[in-house]
Amino acid sequence: MKFFVDTADIADIKEMAETGLLDGVTTNPSLIAKSGRDFMEVTREICGLVDGPVSAEVVALDHAAMMKEAETLRKIADNVCIKVPLTIDGLKTCKALTSDGTMVNVTLCFSANQALLAAKAGATFVSPFVGRHDDNGFDGMELIRDIRTIYDNYLFDTEILVASVRHTNHVLQSALIGADVMTAPPKVIKDLFKHVLTEKGIDGFMADWAKTGQSIPTS
Ligand code: E4P
């Protein structure tokens with residue numbers, strides 16, 4: 001499963017990239033606003049920090065205007081992935097862009113039928129929002145399972161990008177279901193490394209090692 005980080009914060013992206021485990025970045029208009037940076041400038045900087053796809057979202061709502069914005073965004077770097085909302089205009093834009101070889105992430109997906117439409121429109125990624133789905137009394141993971149079944153039934157190439165990830169169990173369940181990608185805030189990615197028994201084990205080994213009075217020779 002690929003790991004994307006869901007942020008427009010440069011320091012966080014650098015820290016995640018240094019782990020060697022980062023496959024891409026997702027942003028959205030709210031994350032850009034939170035960064036306080038110029039959209040074009042921060043997106044260009046992010047694209048230079050990772051080799052994988054960097055999702056940059058259009059803000060127009062009609063097809064013609066989305067195409068114009070996408071034209072500007074895709075000139076930023078080769079790894080830009082245009083993010084469009086799951087609407088009729090968004091999917092028209094998705095079809096046009098992917099037919100032309102541009103990566104597209106269809107965002108704000110909340111039903112398996114919407115994911116089916118995104119795949120038919122040739123989306124590179126579809127982003128079901130599991131956290132927001134859970135918040136509204138639905139089961140985000142059931143949504144991922146349904147999309148996985150549909151995509152496998154028809155051998156769609158569209159990758160399931162689990163979004164709106166709130167905790168490590170979302171990541172675990174996504175991996176068990178076979179989602180292709182997950183995007184999470186830096187904190188959730190950092191939490192994946194943690195286990196109380198790992199920390200306890202390190203403390204025990206360090207305490208016993210100190211008793212030996214030895215050190216490992218290094219050059
Ligand atoms: C995905 O691409 C979105 O940017 C993101 O995951 C939304 O998450 P939120 O529901 O925490 O805002």
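The crossing of H6 and H8 is right-handed, a crossing being left-handed if the near helix is turned anticlockwise from the far one by less than a right angle, and right-handed if clockwise. The contact is formed by Ala112, Ala115, Leu116 and Ala119 of H6 together with Leu143, Asp146, Ile147, Ile150 and Tyr151 of H8, where two residues are in contact if their C-beta atoms, placed from the backbone, lie within 7 Å. By class, the residues joining H6 to H8 comprise eight nonpolar, no polar and one charged (Ala, Val, Leu, Ile, Met, Phe, Trp, Tyr, Cys and Pro count as nonpolar, Asp, Glu, Lys and Arg as charged, and the others, Gly among them, as polar). The structure is a predicted model, in which local features need pLDDT of at least 70, side-chain atom pairs count only at pLDDT 80 or more, and totals for chains, interfaces and linings use all residues. Residues are numbered from 1 along each chain as its sequence is written.

H6 spans residues 112–120 and H8 residues 140–154, and the two helices pack at an angle of about 40° with their axes 9 Å apart. Axes are lines fitted to C-alpha atoms, for helices over the stretch in contact, and angles run from 0 to 180 degrees between N-to-C directions. H6 and H8 are therefore oblique to each other; angles under 35 degrees count as roughly parallel, over 145 as roughly antiparallel, 65 to 115 as roughly perpendicular and the rest as oblique.

In total, the chain has eleven helices and eight strands, with helices (H or I, at least four residues) and strands (E, at least two) taken as DSSP runs numbered from the N terminus. The C-alpha trace of the chain spans about 70 × 40 × 30 Å along its principal axes. Of the 219 residues in the chain, 35% are buried. A residue is buried if 20 or more other C-beta atoms lie within 10 Å of its own, exposed if 12 or fewer, and partly exposed in between, with C-beta atoms placed from the backbone. Among the contacts in the chain with a separation of 6 or more, 54% link residues 24 or more positions apart.

His63, Met66, Met67 and Ala70 of H4 meet Asp89, Gly90, Lys92, Thr93, Ala96 and Leu97 of H5. The contact of H4 with H5 contains five nonpolar, three polar and two charged residues.

For H1 (residues 10–18) and H3 (residues 39–49), the axes come within 10 Å and cross at roughly 10°. H1 and H3 are therefore roughly parallel to each other. On the H1 side the contact involves Ile10, Ile13, Lys14 and Ala17, and on the H3 side Glu45, Ile46 and Leu49. Five nonpolar, no polar and two charged residues make up the contact of H1 with H3. Ile10, located in helix H1, counts as partly exposed because it has 14 C-beta neighbours inside 10 Å. Although Ile10 and Val42 are 32 residues apart along the chain, their C-alpha atoms are separated by 8.0 Å.

Leu31 lies in helix H2 (residues 29–35). With 17 other C-beta atoms within 10 Å, Leu31 is partly exposed. Not counting residues up to four places away in sequence, Leu31 touches Thr7 and Ala8. Between Leu31 and Ala115, which are 84 residues apart in sequence, the C-alpha to C-alpha separation is 23 Å.

An unreviewed UniProt entry places the feature "active site" at Lys83; UniProt positions are given in the numbering used here, feature names are shortened, and annotations may be inferred rather than shown by experiment. Lys83 belongs to strand E4 (residues 80–85) and is buried, because 26 other C-beta atoms lie within 10 Å. When residues up to four places away in sequence are not counted, Lys83 touches Ser55, Ala56, Glu57, Val58, Asn105 and Thr107.

Leu155 has a positive phi of about 55° although it is not a glycine, and is placed in the loop between H8 and strand E7 (159–162). Leu155 counts as exposed because it has 6 C-beta neighbours inside 10 Å. Ser164, likewise not a glycine, has a positive phi near 60° and lies in the loop between E7 and helix H9 (168–177). With 22 C-beta neighbours inside 10 Å, Ser164 counts as buried.
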